[in-house]
Amino acid sequence: MSIRTDHPPGVIIHPLGPVPASILQHLAISVQDRCQISCLVGESMENPGYAQDPEREQYSCKRILQQLHRCCTPHSWQVLAVTEIDLFVPILKYVFGAAQMEGRCAVISLHRLRPQFYGDEEDEQLLLERLVKTALHELGHSLGLTHCRRRTCVMYSSTRIDDTDAKMADFCPTCRELFRWRLQGTG
Ligand SMILES: [Zn+2]
Ligand SMILES: [Zn+2]
């Protein structure tokens with residue numbers, strides 16, 4: 001499936017710091033395919049040094065989301081930033097991603113999605129699956145979806161990478177219906 005260009009993009013993916021182009025392209029096509037919304041890879045953004053917490057050696061999702069808010073255009077309902085840096089929110093040790101609930105911006109990190117992080121061998125396919133699941137999850141939050149109790153639904157909360165691996169890269173029927181319904185409301 002190729003990227004549709006016949007109408008304005010619904011999601012723009014921005015690399016935040018260096019991210020391999022092939023990964024971003026795969027993500028754009030997967031999101032477009034699974035959500036039936038157009039998705040483009042946008043401009044690179046600088047590594048968010050402004051969001052770094054020196055004590056935690058991690059980056060604050062809140063500060064990144066505030067900054068991303070400025071990138072929203074009238075033609076996109078969602079800005080999705082992808083980064084290699086390790087993300088946190090104050091109450092958690094780390095997060096795979098974060099979104100503004102019913103907002104326009106989300107950020108996801110490859111840092112803890114890479115098998116190497118857990119001492120496993122590099123596995124591009126596994127990394128891409130984890131990335132797509134994380135992106136769909138955060139897009140769901142952006143449309144106001146909350147966590148789902150079904151372990152295989154992509155809206156199930158991932159507190160560990162095993163949770164992510166146990167999910168489908170798709171919504172359960174209930175969450176999918178809600179996703180579609182909310183999506184129509186944004187058009
Ligand atoms: Zn969540
Ligand atoms: Zn669900």
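In the chain, 63% of the contacts with a separation of 6 or more join residues 24 or more positions apart, two residues being in contact if their C-beta atoms, placed from the backbone, lie within 7 Å. The model is predicted, so that local features need pLDDT of at least 70 and side-chain atom pairs count only at pLDDT 80 or more, whereas totals for chains, interfaces and linings use all residues. Residues are numbered from 1 along each chain as its sequence is written, and chains are lettered from A and ligands numbered from 1 in the order in which they are written.

For 187 residues a compact globule would have a radius of gyration near 16 Å, and the 15 Å of the chain agrees with this; the radius is taken over C-alpha atoms, and the globule rule is 2.2 Å times the number of residues to the power 0.38. The secondary structure comprises five helices and eight strands, where helices (H or I, at least four residues) and strands (E, at least two) are DSSP runs numbered from the N terminus.

Five of the strands form an open sheet with mixed pairing in the order β2-β1-β5-β8-β7, two strands being paired if DSSP finds at least two bridges between them. Strands β2 (39-41) and β7 (97-99) stand at the edges with a single partner strand each, so one side of each is left without a neighbour in the sheet. Within the sheet, β5 pairs in the parallel sense with β1 (residues 11-16) over six bridges and, again in the parallel sense, with β8 (residues 105-109) over five bridges. Bridge partners include V11 and Q78 for the former pair, and T83 and S109 for the latter, in which A81 also stands opposite V107.

Six of the six residues of β5 (residues 78-83) are buried, so this strand is largely enclosed by the rest of the structure; a residue is buried if 20 or more other C-beta atoms lie within 10 Å of its own, exposed if 12 or fewer, and partly exposed in between. Q78, L80 and V82 point one way from β5, while V79, A81 and T83 point the other way. The largest nonpolar core has 49 residues, and V82 and V107 are among those with the most contacts inside it, such a core being a set of buried Ala, Val, Leu, Ile, Met, Phe, Trp, Tyr and Cys residues joined through C-beta atoms within 7 Å. Not counting residues up to four places away in sequence, V107 touches several residues, including C61, I64, L65, L68 and A81.
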